[in-house]
Amino acid sequence: MRAIILAAGRGMRLQQNADEQVPKCLLRFGGHTLLERHLRLLRTVGIEEVVLALGWRHELVEAELDRLAWLPRPEIVINPGYELGSVLTVHTTAEAMTRGGEVLLMDADVLYHHQIMAALAAGKKPVNRVLIDRDFEAGDEPVKLCVRDGVPIELRKQLAPDLKYDTIGESVGFFRFDAPCARRLAAIVANYVGSGRSNLPHEEAVRDLLREGSQVFEVADVTGLPWIEIDFPGDVARAAQEVLPQLQPQYQRQDSQ
């Protein structure tokens with residue numbers, strides 16, 4: 001199993017000071033960058049093969065890897081068109097998506113509890129899996145995951161008024177694909193890029209994959225576990241004040257091992 005971490009974007013909505021602008025995966029909480037936390041939590045579930053999809057100020061991320069002296073060193077793929085949508089970033093990882101084996105596709109700008117990683121990676125049998133948090137704030141910003149009879153049927157910020165579902169929650173932004181499913185997603189993404197839709201978020205391609213019904217997906221419920229996607233200045237404060245205190249003891253235990 002390999003993890004592909006999407007960390008190419010500039011994060012304009014974060015409104016960082018001009019002299020403090022860094023990729024969001026380099027934001028620090030409790031003395032550790034989000035990137036370091038990803039790598040450590042991936043290691044706890046036995047995943048050492050990591051691909052970093054970078055773009056804006058990628059040299060800073062590479063410097064962080066040097067500082068960490070992380071081995072095996074993650075593979076780096078650069079998306080020079082990072083100003084466009086994240087679907088193009090996923091497209092730059094096509095070789096890693098299709099080389100065989102299971103794939104975890106993960107947003108880099110998430111601070112989360114270790115049990116969320118455990119829920120994503122659990123089990124030895126190859127599966128396709130999405131994560132849902134039923135305790136979410138309503139509004140236009142969360143990417144909603146809708147489920148009917150145990151099957152994920154929608155993945156979008158805006159939902160059709162007549163959509164019928166029995167469960168709704170927020171997508172954590174982490175996905176697990178078996179080898180055939182990863183290849184199919186790569187093909188959908190390639191079609192997006194080839195048809196001039198590189199400006200779209202990659203969740204749109206994942207949505208198409210879910211809705212076409214060619215693959216069977218499990219839904220893992222992580223409701224109650226602390227996590228936050230960091231897009232706005234207020235998210236940084238919430239991450240530090242509300243989420244981090246619930247993570248720190250577990251993280252310290254990992255550091256001491």
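Here is a short chat about a predicted model.

Visitor: Hi! Before we start, what kind of model is this?
Guide: Welcome! This is a predicted model.

Visitor: Okay, let's begin with helix α5. Which of its residues are buried?
Guide: Helix α5 covers residues 114-121, and its buried residues are I116, M117, L120 and A121.

Visitor: Why do they line one face of the helix?
Guide: Looking down the axis of α5, you find the buried residues within an arc of 120°, so they line one face of the helix.

Visitor: And what covers those buried residues?
Guide: The cover includes one helix region, α1 (34-44). It also includes the strands β6 (103-107), β7 (110-112), β8 (129-133), β11 (167-177) and β13 (227-229).

Visitor: What follows α5?
Guide: G123 follows α5, and the phi of G123 is positive, near 95°.

Visitor: Let's talk about the inside. How many residues are in the largest nonpolar core?
Guide: That core has 32 residues. L42, Y112, I116 and F174 are the ones with the most contacts inside it.

Visitor: Which elements give two or more residues to this core?
Guide: They are β1 (2-7), α1, β4 (49-54), α2 (58-68), β6, β7, α5 and β11. The largest share comes from α1, with four residues.

Visitor: What about a second core?
Guide: There is a second, separate core of 31 residues, and among its members are I132, V147, L185 and Y192. As a general point, nonpolar side chains tend to be buried together in soluble globular proteins.

Visitor: New topic: where is E203?
Guide: E203 sits in helix α7, which spans residues 202-212.

Visitor: Is E203 buried or exposed?
Guide: E203 counts as buried, because its relative accessibility is 15% and the cut-off for buried is under 20%.

Visitor: What does E203 touch?
Guide: Not counting residues up to four places away in sequence, E203 touches S86, D107, V143 and L155. As for D140, which is 63 residues from E203 along the chain, the C-alpha atoms of the two are separated by 15 Å.

Visitor: Are C146 and C181 buried or exposed?
Guide: C146 is buried, with a relative accessible area of 0%. C181 counts as buried too, at 0% relative accessibility.

Visitor: Now the backbone. Which peptide bond is cis?
Guide: The bond from L71 to P72 is cis, with omega near -5°. P72 lies in the loop between α2 and β5 (75-78).

Visitor: Which residue in that loop has a positive phi although it is not a glycine?
Guide: A69, found in the loop between α2 and β5, has a positive phi of about 50°. A69 counts as exposed, at 55% relative accessibility.

Visitor: And what about D149?
Guide: D149 is not a glycine either, and it has a positive phi of about 55°. D149 is in the loop between β9 (144-148) and β10 (151-156), and it is exposed, with a relative accessible area of 67%.

Conventions. Residues numbered from 1 in each chain as written. Predicted model: local features only at pLDDT ≥ 70, side-chain atom pairs only at ≥ 80, totals over all residues. Heavy atoms only, no water. Buried < 20%, exposed > 50% of the residue type's maximum accessible area, 1.4 Å probe, protein only. Arc of directions from axis to C-beta. Contact = heavy atoms within 4.5 Å. Core = buried A, V, L, I, M, F, W, Y, C linked by side-chain atoms within 4.5 Å.
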